[in-house]
Amino acid sequence: MFSSEDLCALIEKAGVYSIEGSSVSDLLSSAVSKMALPSGLDPQVLLDELMAREKILSTAVGNGIALPHPLKKVIDNPADQRIAVCYLKEPIDMQAPDSRKVYVFFILLTAASQKHLDILSAIANLAKDKDFKSLLETCPDEVHLLEAIRKCGA
């Protein structure tokens, strides 16, 4: 079972950032340049894989949230898995199912399909929580975000 502590640990590895840009590619480039990456992962490879995934289908899931992730696996070591949380200074239209503009990215770097699905499920459960969604819209810093995740018990 995937716990809120697991989710928090993955976010702590990559960090929480504010990013800006006028397009999805600009935003992802800004995010990749800021986030803590695993040793040996070329930022350009990650950016290319994130963009390849977006070209297939938007990772916007609704409620202002997108879950960008590489099209192909870019890490092999489970210890390198992480999630970067990126607040967009200006929300952007990513053709979300609810037509809402995206204001936050949870960028997922996973080494295994099952872990990826576990993380998606944990974030989906958080997104159902009214209090968590309200807090997320305020772009909380890492301390307050992790506190809220622990409180929700993802």
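Residues are termed buried when their relative accessible area is under 20%, exposed when it is over 50%, and partly exposed in between (1.4 Å probe, protein chains only). By this criterion, the buried residues of helix α2 are Val24, Leu27, Leu28, Ser30, Ala31 and Val32. The structure is a predicted model, in which local features need pLDDT of at least 70 and side-chain atom pairs count only at pLDDT 80 or more, whereas totals for chains, interfaces and linings use all residues. Residues are numbered from 1 along each chain as its sequence is written, and side-chain values use heavy atoms, with hydrogens and water left out.

Helices (H or I, at least four residues) and strands (E, at least two) are DSSP runs numbered from the N terminus. Five strands form an open sheet of mixed pairing, in the order β1-β4-β5-β3-β2; two strands are taken to pair if DSSP finds at least two bridges between them. The edge strands, β1 and β2 (60-62), each pair on one side only. Strand β2 runs antiparallel to β3 (residues 65-66), to which two bridges join it, and Ala60 stands opposite Ala66 in β3. Helix α1 (residues 4-14) packs on the sheet, touching β1 and β4, where contact means heavy atoms within 4.5 Å. The direction of α1 makes about 70° with that of β4; axes are lines fitted to C-alpha atoms, for helices over the stretch in contact, and angles run from 0 to 180 degrees between N-to-C directions.

Helix α2 lies across β1, β4 and β5, running at about 140° to β1. The cover over its buried residues includes β1, α3, β4 and β5. The axes of α2 (residues 24-34) and α3 (residues 43-56) come within 10 Å and cross at roughly 145°. In this contact, Val24, Ser25, Leu28, Ser29 and Val32 of α2 meet Pro43, Leu46, Leu47, Leu50, Met51 and Glu54 of α3.

A nonpolar core is defined as a set of buried Ala, Val, Leu, Ile, Met, Phe, Trp, Tyr and Cys residues joined through side-chain atoms within 4.5 Å. The largest such core has 29 residues, and Phe105 and Ile107 have the most contacts inside it. Two or more residues each are given to this core by β1 (16-19), α2, α3, β4 (82-92) and β5 (102-109), with α2 giving the most, five residues. Not counting residues up to four places away in sequence, Phe105 touches Ile19, Leu27, Leu28, Ala66, Pro68, Ala84, Val85, Cys86, Leu88 and Met94. Another core, of 26 residues, lies apart from the largest one and includes Phe2, Leu108, Leu136 and Ala148.
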